[in-house]
Structures are given as structure tokens and as C-alpha cells.
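Here's a quick briefing to read alongside the model. Have the viewer open and follow along.

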Amino acid sequence: MSDRKTDPAARGDEPGFSEAMGELEGILERIEGEEVDIDSLAEQLRRATHLLELCRGKIRKAELEVTQIVQSLEDEDEDEDEGEEEEGEPEPDTEDDIPF
């Protein structure tokens, strides 16, 4: 099996997204290729389930962060647009603007 020093799960660390996806792909290939011993199949499926949940969580977190960043940029743009409108409107000259 895996060396406890290099296996993130054994150290208690969670793998990054790419590492988790790679491990998931490896599990899938072994299952599809019928390389998984029936005795370790349940363990492999539990690991795959954990990795799927981990990846989904990372995707949700990334989506939330992107949404917040986009919203922040949109808010900044709106603030700048409002500031430009206020600066761009000249003060009326009361003497020159009299219609008669």
C-alpha cells in the first residue's frame, strides 16, 4: 500500500484538488480494469466517496470565492461610475443659464 510519510490521508492532510482527482482516476481505472480485489473493493469505494466529497467541497468553495470577487469588482465599478457622473456634471452658472 502507500507509505505513511508520503500518503496525505495517512498523515491526516487532505490532498489538493488535482491530487484527489488523480487518485480518483486511479481508483476508477483499477475498478474498471477489474484489478481491485473484492476484499479491498469496499475500502476503495469509501476512499473514492471521500475524495468526491472533498473535490465537490473545493469546487463549491472556489465558486463562492469567484462570485465574491466578481461582486466586489462590480461594486467597485458601480462606485467609480457614480463618482464619474457626479464629477462630470458641471455646476450651473446662474447668470448665463437665465432663459430671458
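Start with the acidic stretch: Glu74, Asp75, Glu76, Asp77, Glu78, Asp79, Glu80, Asp81 and Glu82 form a negative surface patch. Keep in mind that this is a predicted model.

**The patch and its helix**

- Take Glu82, one of the patch residues: you'll find Glu82 in helix H3, which covers residues 38-88.
- Glu82 has a relative accessibility of 46%, so Glu82 counts as partly exposed, between the 20% and 50% cut-offs.

**The salt bridge**

- Side chains of opposite charge can pair when their charged atoms come close.
- Searching the whole structure turns up one salt bridge.
- That pairing is between the side chains of Arg47 and Glu23, at 2.7 Å from N to O.
- Arg47 sits in helix H3 and Glu23 in helix H2 (residues 17-32), so the pair ties together parts that are 24 residues apart in sequence.
- Is Arg47 buried or exposed? Arg47 counts as buried, because its relative accessibility is 18% and the cut-off for buried is under 20%.

**The chain as a whole**

- There are three helices and zero strands in the chain, giving the order α-α-α from the N terminus on.
- The chain has 100 residues, and 14% of them count as buried.
- Among contacts in the chain with a separation of 6 or more, 64% come from residues 24 or more positions apart.

How values were computed. Residues are numbered from 1 along each chain as its sequence is written. This is a predicted model: local features need pLDDT of at least 70, side-chain atom pairs count only at pLDDT 80 or more; totals for chains, interfaces and linings use all residues. Side-chain values use heavy atoms; hydrogens and water are left out. Helices (H or I, at least four residues) and strands (E, at least two) are DSSP runs, numbered from the N terminus. Buried means under 20% relative accessible area, exposed over 50%, partly exposed in between (1.4 Å probe, protein chains only). Contact means heavy atoms within 4.5 Å. Patches are made of residues with over 30% relative accessible area and no salt bridge: like charges are joined within 9 Å, nonpolar side chains (Val, Leu, Ile, Met, Phe, Trp, Tyr) within 5 Å. Accessible areas come from the Shrake-Rupley method with a 1.4 Å probe; for residues, only the protein chains shown count as cover. A salt bridge is a side-chain nitrogen of Lys or Arg within 4 Å of a carboxyl oxygen of Asp or Glu. Lys and Arg count as positive and Asp and Glu as negative; His and the chain ends are not counted. The place of a charge is taken as NZ of Lys, CZ of Arg, CG of Asp or CD of Glu.
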